[in-house]
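Dear colleague,

Please find below the structure that I am handing over to you. My findings follow directly after it.

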Amino acid sequence: MKINLSLFWLVLLLLSSTPMFLIAQPTIQDCLGAVPVCQDLYSESQSPSGDGNIGNEIINGETCTAGELNSIWYVFTANEDGMLGFLITPNNFNDDYDWALFDLTNGDCDDLTAANLVSCNAAGGTGCHGPTGCAASGIGNWVPGGCGGTGPINALVPMSAGNTYVLMVSNWTGSNDGYSLDFSESTGLGVFDQTPPLVEDITQLPESCGDATINISFNEFLLCNSINDDAFQLDGPGGPYTLDASSPDCTSGSNQAKSFSLAISPPIQSMGNYTLTIDPTGPGDLLDLCDNQAEPFTFNFTVDVPLPVIIDIGQDTSLVCAGDELVLDASSGGNTFLWEDGSTDPTLTVTNEGVYSVTVTDDCGFGEDAIEVFVQQFPPTVNFGDDQIICPGTSPLLDADNGIAFYNWQDGSSATNYTVTTTGDYAVTVENGCGVVEEAINITYVPPLNLNLANEYVLCLGDTLTIDVERPFATYQWSDGSTLSQRDITTDNNFSLTVTTICEVYEADFAAIFLVDPMLDLGEDLTLCPNDSLILDPGIPGATYLWQDGSTQDRFVVTTPNTYGVTISTACNDLIDSVVIDYLLPITTELGRDTFLCPEDPFLLDASTEVLADYQWENGAKEARRLIFGPGDYSITVSSICETVIDTIQIAECEICTVYMPNVFSPNNDGVNDRLFPQSHCSLEAYEMQVFDRWGSQVYQSSNPNDGWNGKIRGDLARQGTYVWMIQYTVSENGITRSTSQRGDVVLLR
């Protein structure tokens, strides 16, 4: 199948007809214009010259080739794991083609370096021209120029599903005769992409109002001409929005790209939840290099970084007298207002001292401001609150500050506040021109729990485990509902305990184990199969072991027949048990060698074995011994609890050699019965034949069974009549020789 070079000629047409086109447009001779591989066989009837419109794509010395000479590039994404193989076969076998294979899964055409070079071959010269590539018969993955090294065929390349690869084929000889590229050498690998492209990564998501870009990457290259803005949709507050998709690779002239920028118009108008939807609207939208269409994809994100709203409700100020009014105005800000007292009007009227704050919000953010208001004339007020029980490490500050006033604490100090560090009673008297106030409080420190229960308590049966966790200001909660601080435990159980104070929570899980006489049972006496092993594992933890052979492991591996015993010592007792292990003998059935059986001679087949076993002959019989009366193929299956053995024997029919002599022959040279000789299907050895006339005179003798008597006596025709013949011979039957003799009469006719 020929490569469609329409893209190449279209690029040339654009270059020649558009003078202002300043960016070098890639062709199939450039990585960015690589031919997508979506079939087994590619045929180039004519090899192009030069190195395309983008030069120096392969830095000299990074591969085994001398850069790219008269090149064509191919790109594909592996559909599944396997081994990649391909064969480049020149149309002219005197041409020298070199090649380099790169893994661009995590890169692009700017990353053609030794770091992502997978395999390379530049073999050439006499004996190395002609086919090159990767095949099961190849060796290595790096062959420099010349006809040395491992030759023009590299080893198969391991490939991973989803990885993207680019292949540069370089024509060293510069011939225009072209070549074929065949990927059928691949084994166990779907080289050609049959899976839809997927969104791999989304970055630079909008975070606040005014953001206008989303970057998206696919897991494989998409055709630039399949990128349709209608396939991208953004939904959210402040819309509708439109998305304009672009890629630097496509802009620079490539026909393929992985990463795209989505320009949002108008920019984000409001904070909130947004949904990005990628859904091809037509059959030609979002296609990979093998025309697989991207699957629909939905991604939700939140714009939640607010933009500041500027708000100013004034400087801190004073109310000269209690009851004066001050209007705080935030109406110059956003859309909604929330004061510290929960009111939502743009203004707030205050009559008391304090800190007043407001939060102003619009669609893209919020702003905050606060003002402190003082009242110049008030009688002193102090409120320490209720008595406190507090935790170690804290130092509460008792604040009696009333501005200009007189202060007298329980220890005589006169500061506006007092730092507490120990348990005790604390009191203060505060006096100003408006009045006198007294306040007191008791503060108590809670001591630490300092509990440290073990994970497990092991005792002997009859012992008592006492758990006492009583602490001041603590409560107790056991897993069984008890709230006691002390428990006496006498039986096995798992416990959970929580001790709680206002300062800390102590949780403990522990087990109480009271050792009783464990059951030691090595099991019943056993009979094992040959070569079987058995692990004796009493499974009693926390004990010591002494086996019959003096070993002390907690398990014993049985491989031979014996009596096995163990003594196990626990914290509270000793346990003893033993078991007898025996082994079955193997099946020894043997029907013997193949043999012969003559008619009427019975033959006993004996498959008996010393092991208790079941027998199954091929005819369904189930006895160990079988009497047969004829030839055939006989098979027995012998099965014990340990194994199954199949034996066969072939019994052939007995050989019987017969020798026949005619009782009439006519030696008249008519070609029928002209000679008297024995007839047999067996070879006759140690043979002798004699013929006598009626008076007992010998008229013929021969040691060759093929000669025969021609009816002449010393050259003269013998008379018609009856003659007596005798033959002696040796034959081989069933591998045994047999010697015998025969005699009879024959009538000679003329």
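**The largest cavity**

Strand β3 provides the largest share of the lining of the largest cavity, 3 residues. The model is a predicted one, in which local features need pLDDT of at least 70 and side-chain atom pairs count only at pLDDT 80 or more, while totals for chains, interfaces and linings use all residues. Residues are numbered from 1 along each chain as its sequence is written, and side-chain values use heavy atoms, with hydrogens and water left out.

A search of the whole structure finds 1 cavity of 30 Å³ or more. Here a cavity is a set of points, on a 1 Å grid over the protein atoms alone, where a 1.4 Å probe fits but cannot get out, and lining residues have an atom within 4 Å of a point. The volume of the largest cavity is about 30 Å³, taken as the space filled by probe spheres set on the points, which are joined across faces, edges and corners. Its lining consists of V75, F76, T77, D193, E220, F221 and L289. Both β3 (72-77) and β15 give two or more residues to this lining; strands are DSSP runs of E, at least two residues long, numbered from the N terminus.

**Q256**

Q256 belongs to strand β18 and is buried, at a relative accessible area of 2% (buried means under 20%, with a 1.4 Å probe and protein chains only). Beyond its neighbours within four places in sequence, Q256 is in contact (heavy atoms within 4.5 Å) with residues including V75, F221 and L289. V75, F221 and L289 are also among the residues lining the largest cavity.

**Nonpolar cores**

A nonpolar core is a set of buried Ala, Val, Leu, Ile, Met, Phe, Trp, Tyr and Cys residues joined through side-chain atoms within 4.5 Å. The largest has 26 residues, of which I216, F232, L234 and L262 touch the most other members. Strands that each supply at least two residues of this core include β15 (213-223), β16 (232-235) and β18 (256-265). Another core, of 24 residues, lies apart from it, with W99, C134, Y165 and L167 among its members. Outside its sequence neighbours within four places, L234 contacts Y241, L243, I264, I268, Y274, T275, L276 and F301.

**N70**

N70 sits in the loop between β2 (41-44) and β3 and is buried, with a relative accessible area of 17%. A polar atom of the N70 side chain lies 2.9 Å from the backbone nitrogen of G50, and the side chain of N70 reaches the backbone oxygen of N171 at 3.0 Å. From C-alpha to C-alpha, N70 and D230 are 40 Å apart in space, and they are 160 residues apart in sequence.

Yours sincerely

Key
Buried means under 20% relative accessible area, exposed over 50%, partly exposed in between (1.4 Å probe, protein chains only). Helices (H or I, at least four residues) and strands (E, at least two) are DSSP runs, numbered from the N terminus. On a 1 Å grid over the protein atoms alone, a cavity is a set of points where a 1.4 Å probe fits but cannot get out, and a pocket is an open set with protein on both sides within 12 Å along at least five of seven lines; lining residues have an atom within 4 Å of a point. A polar contact is a pair of N or O atoms within 3.5 Å; within protein, one must be able to donate a hydrogen and the other to accept it, and residues adjacent in sequence count only if both atoms are side-chain atoms.
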